[in-house]
Amino acid sequence: MLVLTRKAGEGIFIGDDVTIKIIEMKGGAVRIGIDAPKGKKIYRQEVYDRITEENIMATQWDMDVLDSLSTNLSTGKKDK
Amino acid sequence: MKTIQTRFGEVEYNPDNLLHFPAGMIGFPTLHDFIVMPNKKKGPLFWIQSIDDPAVAFVLTDPSNFFLDYKVTAEESEKNSLQITDDDECFVLSVVTVPQDQKITLNLAAPILFSPKTNRAIQVILENSNYKSKTPLPA
């Protein structure tokens, strides 16, 4: 991993379309400004990790559980 | 037609009729193509099987079956990924987590946007919303 030291107000260029700027440091947290093309996906890491974990969990299922579930769901339960 | 071995046995599919995820599912960036499996049973749930990894299959549903006011609109960049324009339809699907106790949850925080026209799909994260990745069905 590339490690750089930056001060508030300083920035980093990544490629020719992403700029990261250190806005301020306060109470152990760092505020960061990011300029990137509109379509570029930017996520907080813990949010991305949570979705990854949920997707992994969602691959662990059994066909017989799905079958009996589908039977229960199609017997009008969802009309409630 | 082609066949693959999956953890559910042999599955036959038409390679011209796959659901294509240009960026994969989140956490599965290399799995681009899925078979949409026809429902054996009636009901709102169906599943998709990766053709790249036989162990990976997701249960999906149309979330409006359960959450009437759940709305997600595709952003411009997302429409580009789906290769559709403003006039084309874009459907929303949710990944369903199916535990052994059958208490299923929907991942409303990371819906799948799907274009029936291009057969492309992307999973997006609704970061600035209150939707949960583990949303139980309404009681």
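1. The contact between the chains. In this predicted model, chain B gives 34 residues to the contact and chain A gives 26. Three elements of chain B, namely β6, α1 (76–82) and β7, each supply at least two residues of the side that touches chain A. Sorted by class, that side of chain B has 18 nonpolar, 10 polar and six charged residues.

2. Confidence. The model scores ipTM 0.93 and pTM 0.89. For chain B the mean pLDDT is 93. In that chain, 100% of the residues reach 70 or more.

3. Look next at α1 of chain A, residues 45–58. The helix has 14 residues. From first C-alpha to last it reaches 20 Å, close to the 20 Å expected at 1.5 Å a residue.

4. Which residues of α1(A) are buried? They are A:R50, A:I51, A:E54, A:N55 and A:A58. These five cover an arc of only 135 degrees around the axis, so they sit on the same side of α1(A). An α-helix has 3.6 residues a turn, so residues three or four places apart point the same way. The face turned away from the buried side carries the exposed residues A:Q45 and A:E46.

5. What covers the helix. The cover over the buried residues of α1(A) includes two strands of chain B, β6 (57–61) and β7 (91–97).

6. Strand β6 of chain B. Why is β6(B) described as largely enclosed by the rest of the structure? Because five of its five residues are buried. B:A57, B:V59 and B:T61 point one way. B:F58 and B:L60 point the other way. In a regular strand the side chains alternate between the two faces of the sheet.

7. The partners of β6. Strand β5 of chain B (residues 45–50) runs antiparallel to β6(B), and five bridges join them. The two form a hairpin, with six residues between the strands. In this pairing B:I48 stands opposite B:F58. Strand β7(B) also pairs with β6(B) in the antiparallel sense, over three bridges. Here B:T61 stands opposite B:S94.

8. A phenylalanine in β7. B:F91 is found in strand β7 of chain B. Is B:F91 buried or partly exposed? With 15 other C-beta atoms within 10 Å, B:F91 is partly exposed. Leaving out residues up to four places away in sequence, B:F91 touches B:F114 and B:P116. B:A74 is 17 residues from B:F91 along the chain, and their C-alpha atoms are separated by 9.3 Å.

9. Two backbone angles to check. Most residues other than glycine have a negative phi. B:Q102 is not a glycine, yet its phi is positive, about 70 degrees. B:Q102 is placed in the loop between β7 and β8 (105–106) of chain B. B:Q102 counts as exposed, because it has 12 C-beta neighbours inside 10 Å. B:N119 also has a positive phi, near 60 degrees. Where does B:N119 lie? In the loop between β9 (112–115) and β10 (120–123) of chain B. B:N119 has 17 other C-beta atoms within 10 Å, so it is partly exposed.

Definitions and conventions. Residues are numbered from 1 along each chain as its sequence is written. Chains are lettered from A and ligands numbered from 1 in the order in which they are written. This is a predicted model: local features need pLDDT of at least 70, side-chain atom pairs count only at pLDDT 80 or more; totals for chains, interfaces and linings use all residues. Helices (H or I, at least four residues) and strands (E, at least two) are DSSP runs, numbered from the N terminus. The expected span of a helix is 1.5 Å times one less than its number of residues. A residue is buried if 20 or more other C-beta atoms lie within 10 Å of its own, exposed if 12 or fewer, and partly exposed in between; C-beta atoms are placed from the backbone. The arc is that of the directions from the helix axis to the C-beta atoms. Two residues are in contact if their C-beta atoms, placed from the backbone, lie within 7 Å. Ala, Val, Leu, Ile, Met, Phe, Trp, Tyr, Cys and Pro count as nonpolar, Asp, Glu, Lys and Arg as charged, and the others, Gly among them, as polar. pLDDT is the predictor's confidence in each residue, from 0 to 100. Two strands pair if DSSP finds at least two bridges between them.
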